[in-house]
Amino acid sequence: MTRSVPFISRILIFPIKSLDPVEVTNARVLTSGALADDRCWALFDAQGRVVNGKNHAEIHRIRAGFDLDKRTVSLRDDSGRGLPTVLFNLDGTARPIEAWLSRFFGFPVHLRADTTTGHPDDTDSPGPTIISVATLETIGIWFGLPVEQVRARFRTNIEIGGVPAFWEDALFGGLGDEVEFHLGGTEWLGINPCQRCVVPSRDPLPGQRDNAFARRFAEYRRRTQPAWSNPARFNHFFRVAINTRSARTGVNTRIALNDIVTTYNNAAACTALEENKRPVGF
């Protein structure tokens, strides 16, 4: 039996925080360690509070189509409010897009850009979030969801193919440990399993919430935690994917589809041993 080699199978960039992603074939790593254009823009209310999926479920009713080469975004209103679909210039004045969004939400909304680090949830680890394709597929089996919907719920930057479910758990260690790995020629540090918010519990299109989702997910996750995953890093089990930092900040580099993932701990051994033992349920 030939062991698969871990590789980057998908890269997703979320230009405006909480809106739809754009799939890319490669991404530039900023000197901060963040991916260029990922969460570059974010929405704020008049008090400076972030307007995102955590506190405004109606944001799921906005469809965004990005053309990063042309630096444009098309916004469509799926809420029934009757707003027209409009194409906006991301690098121009923010007033037109702010006006559209303010009409959608019913209160003043401001669009702010950060081209250095973006607006990550974990400001200490602004690198890309990483998950395996098999993990997304397994979560889909748990909840009877197509993998596309699982992907839309968990909103992760990089998907790894050629590995079993929860293989990415081998990319973090004990509290305070930093696990080194490479994505192609770029060097990264795995920090911790991502703590999930309310967003994955909602249908990604209408935004309707499944109030039992987090509890059921945590129970599945606890019972199927692989041997290479450090249980001490789970104060609760509504955690999946990993947060990262660049091991070489200050250097402009790129990652691309099919880049090989190289690890320096037990992840490769776990892959060889467990590739046909994907945990899917109790």
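**Reading the helices, a pocket and the loops**

Modeller: Helices (H or I, at least four residues) and strands (E, at least two) are DSSP runs, numbered from the N terminus. Covering is judged by contact, meaning heavy atoms within 4.5 Å. Please keep in mind that this is a predicted model, where local features need pLDDT of at least 70, side-chain atom pairs count only at pLDDT 80 or more, and totals for chains, interfaces and linings use all residues. Residues are numbered from 1 along each chain as its sequence is written, and side-chain values use heavy atoms, with hydrogens and water left out.

Biologist: Thank you! Which residues of helix α4 are buried?

Modeller: Buried means under 20% relative accessible area, exposed means over 50%, and partly exposed is in between (1.4 Å probe, protein chains only). In α4, which spans residues 213–223, the buried ones are F213, F217, A218, Y220 and R221. Looking down the axis of α4, these buried residues fall within an arc of 165 degrees, so they line one face of the helix. The arc is taken from the directions that run from the helix axis to the C-beta atoms.

Biologist: What about α3: which of its residues are buried, and what covers them?

Modeller: In α3 the buried residues are Q149, V150, R151, R153 and F154. Their cover includes β1 (7–13), α2, β11, α4 and β14. Just after α3 comes R155, with a positive phi of about 55 degrees.

Biologist: And which residues are buried in α1?

Modeller: For α1 they are I97, E98, W100, L101, S102, F104 and F105. These residues pack against β4, β5 (50–51), β6 (62–67), β7 (72–77), β8 (86–89) and β9. G106 follows α1 and has a positive phi, near 85 degrees.

Biologist: Where does V109 lie, and what is it in contact with?

Modeller: V109 is in the loop between α1 (95–105) and β9 (110–113). With 1% relative accessibility, V109 counts as buried. Leaving aside neighbours within four places in sequence, V109 is in contact with L43, F44, E98, L101 and S102.

Biologist: How do I read a pocket?

Modeller: Picture a 1 Å grid over the protein atoms alone: a pocket is an open set of points with protein on both sides within 12 Å along at least five of seven lines, whereas a cavity is a set of points where a 1.4 Å probe fits but cannot get out; lining residues have an atom within 4 Å of a point. Grid points are joined across faces, edges and corners, and a volume is the space filled by probe spheres set on the points. Here, the second largest pocket holds about 250 Å³ of space. Its lining has 14 residues, and V24, N26, D37, L68 and D69 lie nearest its centre. Strands β2 (22–24) and β3 (26–29) each supply at least two residues of that lining.

Biologist: How many residues of that lining are nonpolar, polar and charged?

Modeller: Six are nonpolar, one is polar and seven are charged. In this scheme Ala, Val, Leu, Ile, Met, Phe, Trp, Tyr, Cys and Pro count as nonpolar, Asp, Glu, Lys and Arg as charged, and the others, Gly among them, as polar.

Biologist: You mentioned positive phi. What is the general idea?

Modeller: Most residues other than glycine have a negative phi. D37 has a positive phi near 75 degrees. D37 sits in the loop between β3 and β4 (41–44), and counts as buried because its relative accessibility is 18%. N258 also has a positive phi near 75 degrees, in the loop between β15 (253–256) and β16 (261–263). N258 counts as exposed, at 56% relative accessibility.

Biologist: How many disulfides are there?

Modeller: A disulfide is a covalent bond between the sulfur atoms of two cysteines. The rule here asks for a pair of cysteine sulfur atoms within 2.5 Å, and the count comes to zero. The sulfur of C194 is 10 Å from the closest cysteine sulfur, in C197, so it is too far for a bond. C194 is buried, at 6% relative accessibility, while C197 is partly exposed, at 26%.
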